[in-house]
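Please look over the briefing that follows, which is arranged by topic and is meant to be read beside the sequence and the coordinates.

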Amino acid sequence: MGKIIISRDGVVEREVQLSKERMTIGRRSHNDIVLSHGAVSGEHAVITTILDDSFLEDLQSTNGTFVNGHRIGKHFLQHQDAIKLAKYQIQYLADGVRPLGAPVADATVPLRNAPAAAEGRIEVLNGGNAGKQLALTKPLTTLGRPVVQVVVISRGVDAYSIAQVEGDAVTTLNGVALGRQPKRLQNGDVIDLSGTRMAFWQD
């Protein structure tokens with residue numbers, strides 16, 4: 001589970017564990033993380049966490065959300081990213097979960113540096129790209145179209161998992177709606193992304 005450290009004017013105000021799948025940031029009291037400065041929008045940004053990977057998304061805020069000096073719409077957070085929201089400086093720290101019995105290493109080492117699952121791949125089953133394959137070599141692979149439908153395949157320590165992170169179009173896994181909660185992928189699973197059918201294979 002990752003965490004963020006929130007500072008203002010160089011003084012650390014608090015540390016927040018990213019313990020929920022979706023945590024909103026904003027000035028209004030209903031947000032999970034309330035930042036009371038007037039330059040912060042009522043609903044400013046949201047952090048979505050899938051397994052040990054987190055995304056930061058700006059919610060069309062007035063003054064923007066910045067990561068490492070660049071204004072972002074949606075950003076895949078990496079260890080020690082520097083986030084700026086109005087007068088607040090926020091540091092993201094990844095904290096990958098290690099297998100039981102493994103030596104305790106530096107707690108700030110992200111999961112994506114840990115030994116990964118045997119390499120998997122996606123094979124397109126229909127349409128003009130039928131037969132094409134995509135090797136799942138990265139810690140995180142995204143499929144689909146922004147806003148409309150985006151799914152994320154995460155490569156963990158001993159397995160791959162999939163979840164839908166964006167859009168209202170329904171993605172199915174073996175004929176069942178996927179949803180936002182990560183599902184572990186098994187050999188031969190079929191993913192249907194707006195009519196494009198793909199099979200998951202792991203060597």
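Predicted model: local features only at pLDDT ≥ 70, side-chain atom pairs only at ≥ 80, totals over all residues.

## Pairing in the sheet

Isoleucine 153 has isoleucine 162, in β16, as its bridge partner.

**The open sheet**

- Strand β15, covering residues 149-155, is joined by 6 bridges to strand β16, covering residues 160-166, and the two run antiparallel.
- These strands belong to an open sheet of 4 strands, whose order is β14-β15-β16-β19 and whose pairing is antiparallel.
- Because β14 (140-145) and β19 (183-184) each have a single partner strand, they stand at the edges of the sheet, and one side of each is left without a neighbour in it.

**The nonpolar cores**

- The largest nonpolar core holds 22 residues, and those with the most contacts inside it are Ile4, Ile6, Ile33, Leu35, Leu56 and Ile83.
- Two or more residues of this core come from each of β1, β3 (22-26), β5 (45-50), β10 (82-85) and β11 (88-93), and β11 gives the most, with 3 residues.
- Isoleucine 4, when residues up to four places away in sequence are not counted, touches Arg14, Glu15, Val16, Leu18, Ile33, Ile47, Ile90, Gln91 and Tyr92.
- Another core, of 15 residues, lies apart from the largest one, and among its members are Val124, Ile153, Leu173 and Met198.
- In soluble globular proteins, nonpolar side chains tend to be buried together.

**An exposed loop residue**

- Aspartate 9 is placed in the loop between β1 (3-8) and β2 (11-17), and it counts as exposed because its relative accessibility is 65%, where the cut-off for exposed is over 50%.
- Leaving aside residues up to four places away in sequence, aspartate 9 touches Lys87 and Gln89.
- Aspartate 9 and lysine 87 are 78 residues apart in sequence, while their C-alpha atoms are 7.4 Å apart in space.

**The chain as a whole**

- The secondary structure of the protein chain comes to 0 helices and 21 strands.
- Of the 203 residues in the protein chain, 41% are buried.
- Among contacts in the protein chain with a separation of 6 or more, 36% are between residues 24 or more positions apart.
- The protein chain has an accessible surface of about 10,600 Å², and 51% of that surface belongs to carbon and sulfur atoms.

Key:
Residues numbered from 1 in each chain as written. Heavy atoms only, no water. Buried < 20%, exposed > 50% of the residue type's maximum accessible area, 1.4 Å probe, protein only. Contact = heavy atoms within 4.5 Å. Areas by Shrake-Rupley, 256 points an atom, 1.4 Å probe, with all protein chains shown as cover. Pairing = 2+ DSSP bridges. Core = buried A, V, L, I, M, F, W, Y, C linked by side-chain atoms within 4.5 Å.
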